[in-house]
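I opened this entry to log what I looked up, one topic at a time. The sequence and structure come first.

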Amino acid sequence: MRCAHWRRVPLDLAREAREKSATTYIDRAVQCQLSAHDEGEHFGLLTDDGAYGTALWLRWYGTGEVELVELPDCPVVAPWPDGEGCCLFADHAKQHTWKYAPEGDSCTN
């Protein structure tokens, strides 16, 4: 199950993300993409061009500090044939996305 925490993207960070990416649209709010947790860091995906490499994430701690971070993609894929890749960043905490996503769901759900 995915974390239920959401965070509004500050306008200055949305502007900075648009400048760093080929993507012109940035969501006004993002949901933490890690598996369910209440404490510690939360990470919401801002932009990913679809190619393996890096993505821009919004990182926050509770209701306090918010920052834009560029992180390398997680290289792990599901162990079954034609396994889906993990949609998070390298060295993330807890489960890979394919462990808690219903079958057929993609990284955007």
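**Salt bridges**

I started with the charged side chains: E41, R59 and E67 are linked in a network of salt bridges. For a salt bridge I required a side-chain nitrogen of Lys or Arg within 4 Å of a carboxyl oxygen of Asp or Glu. The model is predicted, so local features need pLDDT of at least 70 and side-chain atom pairs pLDDT 80 or more, while totals for chains, interfaces and linings use all residues. Residues are numbered from 1 along each chain as its sequence is written, and side-chain values use heavy atoms, with hydrogens and water left out.

How many salt bridges does the structure hold? I found three. E41 and R59 meet at 3.6 Å, N to O. E41 lies in strand 3 and R59 in strand 4, so this pair ties together parts that are 18 residues apart in sequence. Helices (H or I, at least four residues) and strands (E, at least two) are DSSP runs, numbered from the N terminus. R59 also meets E67, at 2.8 Å, N to O.

I then checked accessibility. Buried means under 20% relative accessible area, exposed over 50%, and partly exposed in between (1.4 Å probe, protein chains only). R59 counts as buried because its value is 18%. E41 is partly exposed at 32%, and E67 is partly exposed at 22%.

E16 forms a salt bridge with K20, with the closest N and O atoms 3.2 Å apart. The two are four residues apart in helix 1, so about one helical turn separates them. E16 is partly exposed at 29%; K20 is exposed at 53%.

**Strands**

Next I traced the pairing, which needs at least two DSSP bridges between two strands. Strand 3 (residues 41-47) and strand 4 (residues 54-61) pair in the antiparallel sense over six bridges. Strand 4 is joined to strand 5 (residues 66-72) by seven bridges, also antiparallel. W60 stands opposite H42 and, in strand 5, opposite V66. Strands 4 and 5 form a hairpin with four residues between them. In its turn, G62 has a positive phi of about 55 degrees.

**Around H42**

Is H42 buried or exposed? H42 is buried, because its relative accessibility is 1%. Its strand, strand 3, has five of its seven residues buried. The H42 side chain makes a polar contact with the side chain of H37 at 3.1 Å. A polar contact is a pair of N or O atoms within 3.5 Å; within protein, one must be able to donate a hydrogen and the other to accept it, and residues adjacent in sequence count only if both atoms are side-chain atoms. Beyond four places in sequence, H42 contacts (heavy atoms within 4.5 Å) residues including C3, C32, L58 and G62.

**Core**

I looked up the largest nonpolar core, which has 25 residues. Such a core is a set of buried Ala, Val, Leu, Ile, Met, Phe, Trp, Tyr and Cys residues joined through side-chain atoms within 4.5 Å. F43, L46, W57 and L58 have the most contacts inside this core. Helix 1 (11-20) and strands 3, 4 and 5 each supply at least two of its residues. Strand 4 gives the largest share, five residues.

**Loops**

Last, I checked two loop residues. D91 lies between strand 5 and helix 2 (97-100). Its phi is near 65 degrees, positive in a residue other than glycine. D91 is exposed at 79%. E39, in the loop between strand 2 (29-31) and strand 3, is exposed at 72%.
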